[in-house]
Amino acid sequence: MAFNILGLLHPQISRIVHRHPVWANFTGGIDCLRGIGKIVAGERSRIERKSKILRKCLQSTANDLSALQQHHVYAIQLDHYMSPLANHQSQFPEAKSYGDLQHLRHLQGMVNLDKVVVVTGYGEVGPHGNAETRWEIEAFGELTMEGCIELAWIMGLIKHHNGPLTTTKQHYIGWVDAKSNEPVKDIEVKPRYHEYIMAHTGIRLMEPELTGGYDPTKKSVLREVLIEHNMEPFEASADEAAAFKQSNGNKVDIWECANSASWSVRFLKGALIRVPMAVAADRLVAALLPTGWNAACFGIPDDVIRQVDPVTLYTLVATVEAL
C-alpha cells in the first residue's frame, strides 16, 4: 500500500493531476466481487475454528507433559518462543496549552520574538555515548535493555543484519555479533555486553589505543645531562649530525665518513644531551569516548572521516542527533 501511494508522487502522475483529477483504486478489484461480505465472513470463521482446534491440542499436550514432568510446560513454551523486544523511544517534553500559560501574560510584548533564540533539539557526544544513555547511568547506575543495545551498536559490538546468515543460510533480520556474526536477541544484549560496556565507557583509566598510544604508567621525560669527558664517535645521518652541531656548537665534532653516506658525531666535554627518564604519573583517568566509537557508524562517509579532525566529527554527529 505504501509503495502504491508513493507511486502517486511520481512526476508523471503529478503532471496528469495538474490537468484533471486522478482516481486511484487500491482495492485490487475486490469491490467488484458479489457477496464479498459472506466470503470474508466464511473465511474468517474457518480460520477461527482451526485456531481454536490448535489451541485445544496444544493445551491438551501441555497438560499431559505437566502431569508427567510436574511443572507447567505451557508457560515454559511461551517463555521459550516469546522473546521480548527492545522498545526505543524518544521522550519529548509536552508543550503546554495557551490556557496553562495565562499566568505569564504580563510578559507579553517585553521581547522581540523575531530575535529570540529557540532551541529545537540537542545532541551530545560524550564518555557515555549520548545524552539518553548518559542519563540512564547518572540516574539509575545501569543501562536499560534499550540503552545497552544503543551503546553496544555505538561501540561496534553488534551490527544490524538483514539477509541470510553465514552459518545457517537462513534469512535473519536483527542484531548480530560484530565479530562472530552470530544472531543476538534483544534480551541477550545486556547480559552479554553490559559488563564490557560499563568498563569501557565514562570516566575511566586511560586506554592507550584511544589516546594515540599514550600510557600514563609508562610516561617519560627528557632530562639534560652534561658530558664530563669526550665520548667515542658514532654514526648518524647528515640531518642528525647537523642538528647535533646546531644545538651544541663547538662542543660537537662532525665529519663525513669516507666510505659511506653517513656522518660521524663525537660529543666533547661540556656538551648537553637529553636522555629519557621515567616519572611517576599522578593522572591516570580521563573522560574518554566509548571504546570503539566510530563516526562511520552514524553515516559519516569515510572520505570525510579521513579529511577532518576528530572534533569536527564529534560536532557533525552531535548536530545530526540534534536535528
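Predicted model: local features only at pLDDT ≥ 70, side-chain atom pairs only at ≥ 80, totals over all residues.
**Helix packing**

Two packed helices are described by the angle between their axes and the distance between the axes. Here are the two pairs.

| Pair | Angle between axes | Distance between axes |
|---|---|---|
| α5 (residues 131-140) and α6 (residues 145-154) | about 130 degrees | 10 Å |
| α6 and α7 (residues 186-199) | roughly 65 degrees | within 9 Å |

Take α5 and α6. Angles over 145 degrees count as roughly antiparallel, 65 to 115 as roughly perpendicular, and those between fall under oblique. The axes of α5 and α6 make an angle of about 130 degrees. The two helices are therefore oblique to each other. The crossing of α5 past α6 is left-handed. Which residues meet? From α5 come E132, T133 and E136; from α6 come G147, E150 and L151. This contact divides into 1 nonpolar, 2 polar and 3 charged residues.

Now follow α6 to its contact with α7. Again, α6 passes α7 in a left-handed crossing. On the α6 side are M145, C148, I149, L151 and A152. They meet D186, I187, V189, K190, H194 and I197 in α7. The residues of this contact split into 8 nonpolar, 1 polar and 2 charged.

**The cavity**

Rolling a probe the size of a water molecule over the atoms shows where empty space is left. How many cavities of 30 Å³ or more does the structure hold? It holds 1. The largest cavity has about 30 Å³ of space. Its lining consists of E124, V125, G129, N130, I154, W293, F298, V317 and E321. Of these lining residues, 5 are nonpolar, 2 polar and 2 charged.

Key. Residues numbered from 1 in each chain as written. Heavy atoms only, no water. 1 Å grid on protein atoms, 1.4 Å probe; cavity = no way out; pocket = protein on both sides within 12 Å on 5 of 7 lines; lining within 4 Å. Points joined across faces, edges and corners; volume = space filled by probe spheres on them. Nonpolar A, V, L, I, M, F, W, Y, C, P; charged D, E, K, R; others polar. Axes fitted to C-alpha atoms, helices over the stretch in contact; angles between N-to-C directions. Helix = DSSP H or I, 4+ residues; strand = E, 2+ residues; numbered from the N terminus. Parallel < 35°, antiparallel > 145°, perpendicular 65-115°, else oblique. Left-handed = near helix turned anticlockwise from the far one by under 90°. Contact = heavy atoms within 4.5 Å.
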